[in-house]
Amino acid sequence: STEVEPEKVDIAVGSCHPGYSYNEVSGVCECEISRRQIVRCDDQLRYVYVQEGQWVGIDDATSQLFFTATIPGFLDCQQEGNLPGCLYMYDHPNSQCASGRKGTLCSECVEGYGLTFDLLRCRDDCSSFGGIILYIVV
């Protein structure tokens, strides 16, 4: 009878935050700085800083980040001092939106807000588009 020696196989499953990829050689998550939209990553390997004017979403099928431009004024670029890039927090995606905005491309107004007359800004309902029309009619 021949004896078969068991083979040892090391399996490492890398689970990284969006904007990071698992390096099988080093065994750590690394910033995907090679993507032109990612300017830099934070020190905790959690969030990324992206080019100003880029809206960030997560592809449901791949869990990968995707980027697209949005209408000026819809985003709120949160910077860290004089360092480049706008903070994107995958677990708080609406934090990239300007005040009163939310959703895909920051195109929606949050609850209690309405569009202003120029249809570009979201403000408290008292100053919304409907309120202006009512004022003009009266």
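Cys122 is buried, at a relative accessible area of 2%. Buried here stands for under 20% relative accessible area, exposed for over 50%, and partly exposed for values in between (1.4 Å probe, protein chains only). The model is predicted: local features need pLDDT of at least 70, side-chain atom pairs count only at pLDDT 80 or more, and totals for chains, interfaces and linings use all residues. Residues are numbered from 1 along each chain as its sequence is written, and side-chain values use heavy atoms, without hydrogens and water.

Cys122 is bonded to Cys109 in a disulfide, with an S to S distance of 2.0 Å. The term disulfide is applied to a pair of cysteine sulfur atoms within 2.5 Å. The Cys109 and Cys122 link is left-handed, with -80° about the S-S bond. Distant parts of the chain are linked by this pair. Cys109 belongs to strand β9 (residues 108–109) and Cys122 to strand β11 (residues 122–124). The two cysteines are 13 residues apart. Strands (E, at least two residues) and helices (H or I, at least four) are DSSP runs, numbered from the N terminus.

The search of the whole structure finds five disulfides. Counted along the chain, the bonded cysteines of the protein chain pair as 1-2, 3-4, 5-6, 7-8, 9-10. In general terms, a disulfide is a covalent bond between the sulfur atoms of two cysteines.

One of the five joins Cys16 to Cys29, with S to S at 2.0 Å. The link of Cys16 and Cys29 is left-handed, at -90° about the S-S bond. Cys16 lies in the segment before β1 (20–23) and Cys29 in strand β2 (residues 28–31), so the bond ties together parts that are 13 residues apart in sequence. Cys16 is partly exposed, with a relative accessible area of 23%.

A further disulfide connects Cys97 and Cys106, at an S to S distance of 2.1 Å. This link is left-handed too, with -80° about the S-S bond. Cys97 and Cys106 are both buried. For Cys106 the relative accessibility is 0%.

The backbone at Cys106 was examined next. Cys106 is not a glycine, yet its phi is positive, at about 55°. Cys106 is located in the loop between β8 and β9. Leu105 is found in the loop between β8 (101–102) and β9. Leu105, also not a glycine, has a positive phi of about 60°. Leu105 is partly exposed, with a relative accessible area of 30%, whereas Cys106 is buried.

Gln96 has Cys106 among its contacts. Contact denotes heavy atoms within 4.5 Å. Gln96 sits in the loop between β7 (86–88) and β8. Gln96 is buried, with a relative accessible area of 6%. Neighbours within four places in sequence left aside, the contacts of Gln96 are Gln54, Trp55, Val56, Phe74, Leu75, Asp76, Tyr88 and Cys106.

The Gln96 side chain reaches the backbone oxygen of Val56 at 2.9 Å.

Technical notes:
Polar contact = N/O pair within 3.5 Å; in protein donor to acceptor, adjacent residues only side chain to side chain.
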